[in-house]
Amino acid sequence: MKYDLVFEGGGAKGMVFAGACEEFFSRGHTFCRLLGTSAGAITATLLAVGYTPAEMLEALVEKGTDGKSVFEGFMGPPAPFSDEELRTSATQRLLDGVDFTFLPDFAEKKLHELLVNALATSETFRHVLGLVERGGWFAADRFVSWLSTKLDSGTWKDGERKFSGMTLEQLFAATGVELSVVASDTMDESILVLNHRTSPDCPIVWAVRMSMSIPLVWDEVIWQTSWGQYRGRDVAGHAIVDGGLLSNFPIELFISDAPQVTKLMGPKKDTPVLGLLIDEKLPVTKGLFVRINIKPGELKTVQRLRRLVDTATGAHDKMVSEEHSHLVARLPAQGYGTTEFDMSDERRAALVKAGREAMAFYLDTPAGLVLPSKAPSRPGEQVETTADRVATNVLEQGQTEGEEPLR
């Protein structure tokens, strides 16, 4: 059976998707449309370019030259700052606003420049400067390199994969797969649903990079002029971050057939919807008598931020997932951290196994195969569901004057 698949965001916890997909495809199922946020966007993109569960599992155990998981590199140090960046930095302006009356202006200016350069070259304080100037403690350059490599690795149909340089429109033309990833525009305070309809010229690699950029953890991504417009609107120079800031589990975009949704997603299909939700309340088991529920040391900032984001978005995500619970496979992730990219092989294997077992449980439950019903009580009557209301709410946030209305 073909499903429209939705993948929730969850950082490193998204490794659970590999096990779930393995079980899903082993039952003979496949996908029609793909939608994801953050870690879900990564999974959806790999599936769009033909990654098999075996290839996804192989990617999870990939090691770098230092013998460590390649995923540890995703939490990389900030890239070096150029002289121009430092001269025009907010830090430099802040220091210039401090006037030491006992120093001549030229000496004070030189002192400020030395302080900023010291911050930029210090192994520790460069992170602070990265947070202040670029919006993130870490750089995700290695993630971009990794994803680019994955999109050009292995075979697809009768040839090699060569997708890393493609835009969303080119990817759709090459694969025929309708892929959408969710990001957040912090300048317009609005959600971005990036696909071949809304942002055809956006590079696929950067669409995913924007979707996974947890605020304050990774650098904000600045939308480039060469990436074209979003829904006919110029967003060049806008700072874009993790889609989970506004919708971490956007299943309503596949359920709703409201006009404002179909303008982004295309006409509603008869394909059943399946959402893969990462559930931190469900324990990950190892064997019959042991549970892995030890939270590793994770950045407390990430924990606090994730709780805030979950609180802000959880209400509407929960409304839809509960009303359509028969369309949601809940995957265990209790005790795993959002940025736990350095998890041991044992912990990763347990998480993948839990995803496999949870998907098997879902598919063996008859309710999992039921199509959502939205029949009007009288001919011609329009019935609005919770999914319609939530989608309308989220999509209309930050809509700017002059932008094409969603209705």
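This is a predicted model: local features need pLDDT of at least 70, side-chain atom pairs count only at pLDDT 80 or more; totals for chains, interfaces and linings use all residues.
**Entry 1: the Arg197 salt bridge**

I began with Arg197, which at 32% relative accessibility counts as partly exposed, a class that runs between buried (under 20% relative accessible area) and exposed (over 50%), with a 1.4 Å probe and protein chains only. I then looked up its charged partner and found that Arg197 forms a salt bridge with Glu178, the closest N and O atoms being 3.2 Å apart. Because Arg197 lies in the loop between strand E7 (190-194) and helix H10 (204-211) while Glu178 belongs to strand E6 (residues 178-185), the pair ties together parts that are 19 residues apart in sequence. Glu178, at 14% relative accessibility, counts as buried.

Residues are numbered from 1 along each chain as its sequence is written, and side-chain values use heavy atoms, with hydrogens and water left out.

**Entry 2: the overall picture**

I counted 15 helices and 14 strands in the protein, and of its 407 residues 52% count as buried. For contacts (heavy atoms within 4.5 Å), I found that among those with a separation of 6 or more, residues 24 or more positions apart account for 78%.

**Entry 3: other salt bridges**

My search of the whole structure found 17 salt bridges. One of them joins Arg134 and Glu85, with the closest N and O atoms 3.1 Å apart, and this pair links distant parts of the chain, since Arg134 is in helix H7 and Glu85 in helix H4 (residues 83-87), 49 residues apart. Arg134 counts as buried at 15% relative accessibility, whereas Glu85, at 33%, counts as partly exposed.

I next looked at Glu357, which forms a salt bridge with Lys353 whose closest N and O atoms are 2.6 Å apart. Both residues lie in helix H14 (residues 345-363), four residues apart, or about one turn of the helix. Glu357 is partly exposed at 41% relative accessibility, and Lys353 is partly exposed at 32%. Elsewhere in my list, salt bridges that share partners join Glu23, Arg27 and Asp364 into one network.

I returned to helix H7 (residues 125-134), where His127 has its place. His127 is buried, with a relative accessible area of 13%, and its side chain reaches the backbone oxygen of Trp137 at 2.7 Å. Leaving aside residues up to four places away in sequence, I found that His127 touches Gly76, Pro77, Pro78, Gly136, Trp137 and Phe138.

I then turned to Pro53, which is placed in helix H3 (residues 53-60) and counts as buried at 15% relative accessibility. With residues up to four places away in sequence again left out, Pro53 touches Cys21, Glu22 and Phe25. Pro53 and Ala20 are 33 residues apart in sequence, and their C-alpha atoms are 8.9 Å apart in space.

**Entry 4: cavities and a pocket**

I worked on a 1 Å grid over the protein atoms alone, where a cavity is a set of points at which a 1.4 Å probe fits but cannot get out, a pocket is an open set with protein on both sides within 12 Å along at least five of seven lines, and lining residues have an atom within 4 Å of a point. Grid points are joined across faces, edges and corners, and a volume is the space filled by probe spheres set on the points. I found four cavities of 30 Å³ or more, and about 320 Å³ of space lies in the largest cavity. Of the 21 residues lining the largest cavity, Gly14, Met15, Ile42, Leu60 and Phe71 are the closest to its centre. Helix H1 (16-26), helix H2 (39-48) and H3 each give two or more residues to this lining, and H2 has the largest share, four residues. By class, the lining of the largest cavity divides into 17 nonpolar, four polar and no charged residues, with Ala, Val, Leu, Ile, Met, Phe, Trp, Tyr, Cys and Pro counted as nonpolar, Asp, Glu, Lys and Arg as charged, and the others, Gly among them, as polar.

The second largest pocket holds about 320 Å³ of space. I found 17 residues in its lining, of which Ser69, Val70, Glu72, Gly73 and Arg142 lie nearest the centre, and the lining of this pocket has five nonpolar, six polar and six charged residues.

Definitions and conventions
A polar contact is a pair of N or O atoms within 3.5 Å; within protein, one must be able to donate a hydrogen and the other to accept it, and residues adjacent in sequence count only if both atoms are side-chain atoms. A salt bridge is a side-chain nitrogen of Lys or Arg within 4 Å of a carboxyl oxygen of Asp or Glu.
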